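Please open the structure in a viewer and keep the selection tool at hand.

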Amino acid sequence: MNHTTKRLKGIIMIIIGSMLWGATGPMMEWVLSSSHMSVSFMLTIRLLLAGFLILCFLVVTKRDIYAIWKQPYWWIKLVIFSVFGMLGVQYTFVAAIHASNAVLATLLQFLAPIFVVLYVSFSQKMFPPRYQIFGILGTLIGLFLLLTNGSISNLLVSPVALLWGLGVGLTFAFYTLYPTSVMNEWGVLVVIGWSMLIGGLLLGFSKGFWEFKQYALLAESDTNRMLLAIIFFGTIAFILFLSSMKYISPVETSILSSFEPLTAMFISVIWLGSVLAGVQIIGIILMILCVVWLSIEGNRQSVKMKEE
């Protein structure tokens with residue numbers, strides 16, 4: 001397979017993966033609203049099944065999924081990621097959907113680069129470079145237009161939804177920054193499989209999943225089919241997203257992942273009847289453009305520093 005073919009393969013994988021992941025947002029919104037299923041119950045089922053399936057796949061393919069538990073340094077990092085990364089980003093994302101809608105929750109993931117920039121600047125005790133400041137300001141202006149439709153006195157979402165949305169950006173930043181070393185050591189799927197299983201068990205035990213009174217909802221054909229679709233599409237999307245990084249650059253990955261909020265918005269408008277005002281659409285476009293620009297310019301600056 002030549003370079004051009006590999007690159008095309010990576011582009012196709014990230015586009016399909018982003019679209020599938022974007023589609024799960026409206027699907028979860030539908031389940032939460034139509035069945036009145038709780039966030040905790042849906043997420044417990046989703047994480048447990050997805051984690052179990054990934055680990056089963058690894059066992060079938062002759063991967064050692066238990067070795068990581070023999071080294072305290074690594075399993076401690078795995079547990080930290082499971083709680084604050086995997087469970088953190090999943091719970092805040094679903095809670096933001098429940099409190100607002102799939103479009104808002106998906107777009108607020110785009111605040112993650114801002115938290116990454118602030119963390120790096122604070123840890124290095126350096127003021128962010130000019131391009132990052134302009135990128136952050138542009139993203140925040142876009143978010144303001146999305147949340148208010150351009151009117152300071154008109155907040156279109158509840159404070160609770162906004163807090164959960166900010167939580168999505170913060171936990172997604174942690175999810176992006178923290179697990180690099182453990183994934184490099186043990187492989188992406190091993191870490192993701194265990195972190196989903198641990199996150200699901202932790203959430204289930206904390207909420208007393210044996211006392212959940214919503215198991216009857218799983219007998220409803222529409223609900224269980226949608227849940228299975230969410231688990232299947234979400235898992236495939238993540239595998240495609242990670243696998244694409246073998247063939248294309250992180251910058252291309254960041255740019256093409258913008259298909260995620262666009263897919264969520266399209267499905268929400270067509271299927272769920274969501275309506276966005278013109279100013280809100282301008283805000284969405286501005287947020288996506290600023291995040292893409294932050295990725296491109298950050299890569300250009302890194303290349304420039306290496307050449308010097």
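A pocket is an open set of points, on a 1 Å grid over the protein atoms alone, with protein on both sides within 12 Å along at least five of seven lines; its lining residues have an atom within 4 Å of a point. The model is predicted, so local features need pLDDT of at least 70 and side-chain atom pairs count only at pLDDT 80 or more, whereas totals for chains, interfaces and linings use all residues. Residues are numbered from 1 along each chain as its sequence is written, and side-chain values use heavy atoms, with hydrogens and water left out.

**The second largest pocket**

Select L49, L53, I54, F57, L189, L228, I231, F232, T235, I236 and I239, which line the second largest pocket. Its volume is about 210 Å³, a volume being the space filled by probe spheres set on grid points joined across faces, edges and corners. Next, colour α2 (39-60) and α10 (221-244), each of which supplies at least two lining residues; helices are DSSP runs (H or I, at least four residues) numbered from the N terminus. The greatest contribution comes from α10, with six residues. The lining comprises 10 nonpolar residues, one polar residue and no charged residues (nonpolar: Ala, Val, Leu, Ile, Met, Phe, Trp, Tyr, Cys and Pro; charged: Asp, Glu, Lys and Arg; polar: the others, Gly among them).

**The largest cavity**

A cavity is a set of grid points where a 1.4 Å probe fits but cannot get out. How many cavities of 30 Å³ or more are there? The count is one. Select W21, R46, L47, A50, Q90, M196, I230, I231, G234 and T235, the lining of the largest cavity. Here α2 and α10 are the elements giving two or more residues, and α10 gives the most, with four. The cavity holds about 50 Å³ of space, and its lining divides into six nonpolar, three polar and one charged residue.
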